[in-house]
Every structure is written in structure tokens, then in C-alpha cells.
Amino acid sequence: MKETDREAVATAVQRVAGMLQRPDQLDKVEQYRRREARKKASVEARLKAAIQSQLDGVRTGLSQLHNALNDVKDIQQSLADVSKDWRQSINTIESLKDVKDAVVRHSQLAAAVENLKNIFSVPEIVRETQDLIEHGELLQAHRKLMDLECSRDGLMYEQYRMDSGNTRDMALIHSYFGSTQGLSDELAKQLWMVLQRSLVTVRRDPTLLVSVVRIIEREEKIDRRTLDRKRQTGFVPPGRPKNWKEKMFTILDRTVTTRIEGTQADTRESDRMWLVRHLEIIRKYVLDDLTVAKNLLAQCFPPHYEIFRSLLRTYHQALSARMQDLAAEDLEANEIVSLLTWVLNTYTSAEMMGNAELAPEVDVALLEPLLSADVVSALLDTYMSTLTSNIIAWLRKALETDRKDWMKETEPEADQDGYYQTTLPAIVFQNLQVAAQISEDLKTKVLVLCLQQMNSFLSRYKEEAQLYRDEHLRDRQHPHCYVQYMVAVVNNCQTFKESIVSLKRKYLKHEVEEGVSLSQPSMDGVLDAIAKEGCSSLLEEVFLDLEQHLNELMTKKWLLGSNAVDIICVTVEDYFNDFAKIKKPYRKRMIAEAHRRAVQEYLRAVMQKRISFRGAEERKDGAERMVREAEQLRFLFRKLASGFGEEMDSYCDTIVAVAEVIKLTDPSLLYLEVSTLVSKYPDIRDDHIGALLAMRGDASRDMKQTIIETLEQGPAQASPDYVPIFKDIVVPSLNVAKLLK
């Protein structure tokens, strides 16, 4: 208390100190005292009221406890009186046992009398029920069956109550009503038959289906009453519970499973498209069945049966089991594609479960997958493995077929634009189709696989084209259509490039295409290499035919008036009439290469030192002839390149530049002219200059030596876009020292 008093005093001091902080507040001391007095009186009044309330509650509680104690004493006395009366009445109850037994016997006899009419009419009721079942009047048949079972169960229950251990009497009753169980089974068969054909029955005779459902509902009610009585008395009539509702759903499940499995009409041996047909039949049947179930069947069943939901679940489970069985079979690659496309796409599409007829009861987002992720993954692995083997096999076969075509005596076919081609690209890309319907990821994987195999295939194609060329060079008379088929090989390269781009555009989205395009450059490089070698082989064929006429150039016969260049131009033009069947990208390159090669062969003839001019007149005639022939070649290749809109004159200018060196009449200016030639063509070597000066025939040894040594001191630098032309021209093994003599 002292501690509390001290705390109260301290608090009061603190409050007073807070109120009297300024001098002017001293005038209000009396006002503060009155306010604090009012607060104190208020608190004391509240404390008194609270204490008074607590005291009233305690007083009331004590009063109630006292009343309860009196009530307990009264109850205790009443129980004692009841116990005394019960002990006194035991003897009286035992004396009434005979009366009780008489009451039981009277009850049994009353039941027997009540069922006597039914007992004697059992055979007649059995016959009537049998007739009704046979005539399909199932509701009336079930009514009579219920009467029979009610009579039997009533008698057996009374017997059970009287003497549950008397099995002989129970067996006698059961035997007398023995036909009842047979009628029940026969009726059940009829019900199951109707349920098995419920989707057909609901369209033709929905009343019959409703009758079946009503019978099942009656039996369910009887089963529930039987189970209630069993819990009370322990008695269960024979054949109960029937559980016909449960059996009904079992029958529906079995019917759906049989319907799904029975849709396979063909096998792989009889029809290569057996799986596609099988899946399409399933799709059609399931969609039709569920549509009927939603719109018609659901109206014939009580709402709590949720018949549509149950059938939907049953169909889904049956389909899942069927798809697993199909997945376990040894499927081919195209069959795996068909199965996965159906399972992953068609099943949830608007063609089946996503159909508007089934909405909103069917939500495809809530449907479980028909196949587990592991099974799908295993199928995809099998598909990729099988596809790889198939691609390798038919690419090899396609190449073998194309190789045989090269040996034919007839020209290859031409496309709609008139370009030669073989069937190889069409065969390859007809089979090289991607399983587009399954998923974007699989499309990418399959396309990458196809491109990888195409890379390997093109390498083999290149080797075969080289072997084809080598075989022809050993005997140029065979194959008969070598040029035409080599043109077709070149064109095939362009077709392959266009088809690959088309394939990627068809099956890949833009963002995916960028990643896959990494394999494109290498494939384009291989195709360009094949085409380049093919064009080189064709040009080789041209220049082999020109070899004799090229050898006439820069000879005495040429100087006196040879028509070698005329023949060369006619021959080249004739060949390029055949080469017009080459597609433009490669034909353009080929014309440029033929132009360069023709000029190069002409310059090679100059460097062969086949002729040495004896005077200025001969040099003039020879140079002028060279210029005329350069113009002939220029005209020829302009004509060949006319369709490409580009000039190809620079190569022929080389011949003109060399002719200017030969035509020069003042030897003192020879160094300047040669310097100009070297500055234009940086790849010209000293042996070329030596051969050119030797062909003039008037340059002294010292002049030749001076020109070559001076030019060696300051070699010209080639521009980045310069195409070498002298680089591959080899001067005969006559060294520079001999040329200078």
C-alpha cells in the first residue's frame, strides 16, 4: 500500500507540475481543484456501481446453487422409488411371457392369412410376369416381380423373427419362390440390352429407356430399405441388394469400350491408311454419341445420375485405353504422326471435344491427356528414329534412280519454263514433309533432321556427279545425253535451294526460322559447289571440242587466214543453245566463266610461242587479226549475255591490249606500252612478257632484259575487284633466259 501511495503521490505531483508551468496558471488553481474533485467523484461512483453489480451476481449464483441442490435431492428420491417399483414388478413381467408368445404367433398367422392369396397365386403370377418380359412390357413385369418378392420377403422375415435358426422353413419358403430369382435375372437381361443400345433407343423409343430407368430407381429404393432393416433386425432377403444402378453404369462402360474397340475395320495389310480411317471413325462416333447423350439421353435420367458427365468420363477413359493400346503397337512413322496428331490436336479441337454442340458441358481445358507425357515422348523418339532411317533409305533410293536416269538415251524432262530437270528434287521433297500437325517443337526437330540428312545426301550427290563426269571423260561418246543431264544436275541445285527455303517458310515461324537457318549456308555452299562443278564439266566439254581449233591460233596457218575463231564462236554458240536450258543464276555465271576461259585460251595460244613475226607488216596483220577476233568474241558473249542486262567486255579488252603491244611500230616505246599492259593486268608475269616480246620478233636481248628487270622493280598492285586472267596461263618450259635470246 505504501508503494502504491508513493506512486499515486508521484503521479499527482507530475500532473500538478504539468498544469502549473507558467505564473499565470496560478490564478486557475481553484478551477483545477474543482475539476479534479469532479473526476474523483465520478470514479468513486463507477467503482461503487461495479462492486454492487458483482455482489448482486454472487447473491444470485448462491441462490441458484441452493435450488439445484434441492432438485438433485428430489431426483435422487424419485430414482430410488422407481428402482423399488421395478424390483416389485419383475415377477409380474415373467408371468406375461405366454401372452407375448401368443401375440407373436398371432402376428405370424395374420401375415400368413394376409399373404395366403398371393401364396396360392405365385405360379400364375410367375407365368404372367414371364409373358410380360417376353413382350417387352417391362414396367408391368417389374410390378408383378415386386409383388412376388414382397410376399417372399414378408414370409421369410416373419419366419426369421419367430425362429431365425430354423433354416428348413426358410429354405422351404425360398424354394417355393424359386422362380422369382430367375424372373429377376431375365428382367435384368432385358434392361441391360436396352441400356447397351441406349443411344439408339433414345432416338427411336425414349419411353422404353425411361421405363428402364424407373425400374432401376425402384430397385434402388428397395435396396436402401433392405439395408435399413438389416441394420435394425439383421435380416437380408435373398438376392439383395441388387445394385442395379451400379450394374447399369458398368454396362454403359462396357458398351462404350466395345464401341470404341469395334471401330477398327481394317489392318495395315489390307489398307495402308487403316489408322487414319480408324481414328476418323472414332472421332465421328464419339462426337455423335456425346451430342445425343447431351441433347436426348440426359432427359431420360434423373439429374442426380449426371449421365452426360458419367458418359463423358467413360468415353475419355475408353479412348485413353485405346490410344495406349495403339501406341504399344509397332507403328510406322506416318502412323505415329497420325496418332499423335489425333491425340494432341484433333481430340481437343472443334472437330471433336471442342465442338460447339458439346459446350458448355465439355471444357477441353479440364480434360486429362489421352496419353501420358512418357508415352508421347517414347512415340516421338520412335518417330524420329524411324524417320531418320526412312529418310536415309529413300534418299539413297532416289539418288540411285536419278543415277540410272543419267544413262538414258533420251533427254531429261523440262519444267514449265523449259529448263531441264530430273525427278530427283520432286521425289526428295515429296517425301521430305514435316509432321506439321503435331507441335511447333516437333516441326522444328523434324525440319532440322531433314536438313541434316539433306546435307549428307548432297555430299553423296556431289560425289555421284563427279563420277558421272569422270566416266564420260573416259569415253566421250557415252552417255549419249551427257550434256543434257549435266544441265539437269545444275538446275536441280537451284531447285533444291528454292525447295529448302519453301520448306522452312511453310513449316517454321519467323522467330524459329532464324535459329534453324544456321544450317542453310552450309547447304547452299554444297549446292553451289555442285552447280559450279557441273558448269565446269560442261565448259570442259565445250573446250575439249575447241581444242583443235584453239591449237590453230597464233600459227602460220592462222596468220595466212584461218577460220578457227569463226568455228570457235559457232561451236560455243551451239553449246550455249543447249545451255539455255540452265536456270538463269547458274547460266549467267557460266557465260561469264566461258567468256573468261575463251579469252584465257586465246592468250594461252599467244604465250605458246607458236609464231614469231618477221617484220612490222606481219605484226600489223597479226595484231589487226587479233583485234577482229577479239571483237568476234565480244559480239558472241554480248549476244549470249543479252538477257541478263550486264556487259561482259572487259575480258576481250585483254586481247586488244596484247595486240597493241604486238602492233607497236616504234621499239623505243615498247617499254611504255608493256608498262601500260602490266598496270592494267597486275597478274601478268615476266615469263608472259618474255613470250610476248619473243612473239614480236624485233626486240633485242638487252631491250627484253631491261624491260623485264625494270618492271620487276615496281610490280603493280591489283585492285580489289580485279579478276585475274594471266594467273593460270602457263608459258611452256622455256625459261626467260632462252626467251631473251
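Q: Which residues do ring pairs link into a cluster?
A: Happy to start here, with a note that this is a predicted model, where local features need pLDDT of at least 70 and side-chain atom pairs count only at pLDDT 80 or more, while totals for chains, interfaces and linings use all residues. Residues are numbered from 1 along each chain as its sequence is written, and side-chain values use heavy atoms, leaving out hydrogens and water. Rings of Phe, Tyr and Trp (its six-membered ring) pair if their centres lie within 6.5 Å; planes under 30 degrees apart count as stacked, over 60 as edge-to-face and the rest as tilted. The cluster linked by ring pairs consists of Trp406, Phe457, Tyr461, Tyr468, Tyr482 and Phe496.

Q: How many aromatic pairs does the structure hold, and why is the pair of Phe301 and Tyr305 tilted?
A: The count of aromatic pairs is 13. For Phe301 and Tyr305, the ring centres are 6.1 Å apart, and the pair is tilted because the planes stand at 45°.

Q: Are Trp342 and Tyr347 buried or exposed?
A: These two rings form a tilted aromatic pair, 6.0 Å centre to centre with 35° between the planes. By relative accessible area (1.4 Å probe, protein chains only), under 20% is buried, over 50% exposed and in between partly exposed. Trp342 and Tyr347 are both buried.

Q: What is the distance of the charged end of Lys245 from the ring centre of Tyr305?
A: A charge sits over a ring if NZ of Lys or CZ of Arg is within 6 Å of the ring centre and within 35 degrees of the ring normal. Lys245 sits over the ring of Tyr305 in this way, and its charged end is from the centre by 4.4 Å.
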